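Subject: Structure handover

Hello,

Here is the structure I said I would pass on. Please open it beside this email and follow along; my notes come after it.

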Amino acid sequence: MQRVTAPFRADTVGSFLRPAAIKQAREQFAKGEIDAAALRQVEDDAIRHVVEQQRANGLKVVTDGEFRRAWWHFDFFDDLIGVERYEAEQGIQFNGVQTKARGVKVTGKVAFNPNHPMLEHFRFLQSIAGDAVPKMTIPSPSVLHFRGGRKMIDANVYPDLQAYFADLAQTYKDAIQAFYAAGCRYLQLDDTVWAYLCSTDQQQQIRERGEDPQELARIYAQVLNTALEGKPADLTVGLHVCRGNFRSTWISEGGYEPVAEVLFGGVNIDAFFLEYDNERSGGFEPLRFIKPGHQQVVLGLITTKTGELEDPAQVKARLQEAAQFVSLDQICLSPQCGFASTEEGNSLSEDQQWQKIRLVVDIANQVW
């Protein structure tokens, strides 16, 4: 029952703790002490090493650790056509801590940049992946709309949001084709919004700003499905649903039931990466909407927020519990999120990070 194509029984969400050399080089670059070429050399060396570590710890899939990024999402959005970064009044509020004050806004017609730097980032990863499958991670389209909403989209450019969502879907359709043309066969869309739509507190905030959570879910599902139209058959596209991951903290809580039918039953994704590392994620009942057949669900039962190792017996028991609602053959295992969604990273050591990866691999080998 082991899988030879993505997603793999033992998989990973994408980001890894930034090594000290990367952090130092970024500081030096920001101060003008080294140039972009010197920074890139440090990044290249660190990415080579993290790819070797992923393979050495048993993974059949490798990422670049998102080592060239400061954020899991802003770095991608910054290089889209029609999108501009700005210094926000305050950062994103997590449970007890706040991020740096950054944001993006739509100031022109949104389109994919055919020279987007992350295409070259993928090509480098592919060149060093060896016999492992290189996976590229980018933010999901709904993320560009949700946090800022209408007020961060220039009304002179998009007086009608229907036109904006149509352009957003086309942007991602073009992005998917561009990464495929670059050689990518495993692409992951990272999405915090679906988890927000599961949160009672976040739903209330959405209503207070004049929007309907259920309507947003339908719109985001349509954008995703439009972007996926015509996707090559040999390209696997996953969707990671995240509840927030910054310095081991979180934002949203609540089971998947409020979005399960629209998301699992209606979005034509190949693999759902779902956080299930604690009670904030609810039960496995919503998995009954996962489509039978090729669609996979990658359960994030191993937390990246602490270094404490899970009990393998308990993880196996939870896999069997999930198998009551979706076939075990459609289930894979991974950490619940990346280890460093932003450059700051979570509160665990690199050694603990790799212990977590080995735990995923060992459990998957035993179960499947």
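Contact here means heavy atoms within 4.5 Å. The model is a predicted one, so please read everything below as computed from it.

I begin with Leu216, which lies in helix α9. Setting aside neighbours within four places in sequence, Leu216 is in contact with His145, Phe146, Ile206 and Glu211. Is Leu216 buried or exposed? Its relative accessibility is 4%, and buried means under 20%, so Leu216 counts as buried. Between Leu216 and Trp194 there are 9.6 Å in space, C-alpha to C-alpha, and the two are 22 residues apart in sequence.

Next, the partner of α9. Helix α6 (residues 161–181) and α9 (residues 213–228) pack at an angle of about 40°, and their axes are 7 Å apart. The crossing of α6 past α9 is right-handed. On the α6 side, the contact is made by Phe165, Leu168, Ala169, Tyr172, Lys173 and Ile176. On the α9 side, Ile219, Tyr220, Val223, Thr226, Ala227 and Leu228 take part.

Now α6 by itself. It has 21 residues and reaches 30 Å from its first C-alpha to its last, close to the 30 Å expected at 1.5 Å a residue. At its start, a side-chain oxygen of Asp160 comes to within 2.9 Å of the backbone nitrogen of Gln162. After the helix comes Gly183, with a positive phi near 110°. The buried residues of α6 include Leu161, Tyr164, Leu168 and Phe179, and Lys173 is also among them.

In soluble globular proteins, nonpolar side chains tend to be buried together. How many residues does the largest nonpolar core have here? It has 107, and those with the most contacts inside it are Tyr164, Phe179, Trp194, Leu287 and Leu299. The largest share of this core, 10 residues, comes from α6. Apart from it lies another core of 9 residues, including Phe8, Tyr186, Ala271 and Phe273.

With neighbours within four places in sequence left out, its contacts are Phe264, Leu274, Tyr276, Val297, Leu299, Ala322, Phe325 and Val326.

Last, a loop residue. His116 is found between β3 (103–111) and α4 (117–128). Its relative accessibility is 1%, so His116 counts as buried. Not counting residues up to four places away in sequence, His116 touches Phe76, Asp79 and Leu80.

Regards

Conventions
Residues numbered from 1 in each chain as written. Predicted model: local features only at pLDDT ≥ 70, side-chain atom pairs only at ≥ 80, totals over all residues. Heavy atoms only, no water. Helix = DSSP H or I, 4+ residues; strand = E, 2+ residues; numbered from the N terminus. Expected span 1.5 Å × (residues − 1). Buried < 20%, exposed > 50% of the residue type's maximum accessible area, 1.4 Å probe, protein only. Polar contact = N/O pair within 3.5 Å; in protein donor to acceptor, adjacent residues only side chain to side chain. Core = buried A, V, L, I, M, F, W, Y, C linked by side-chain atoms within 4.5 Å. Axes fitted to C-alpha atoms, helices over the stretch in contact; angles between N-to-C directions. Left-handed = near helix turned anticlockwise from the far one by under 90°.
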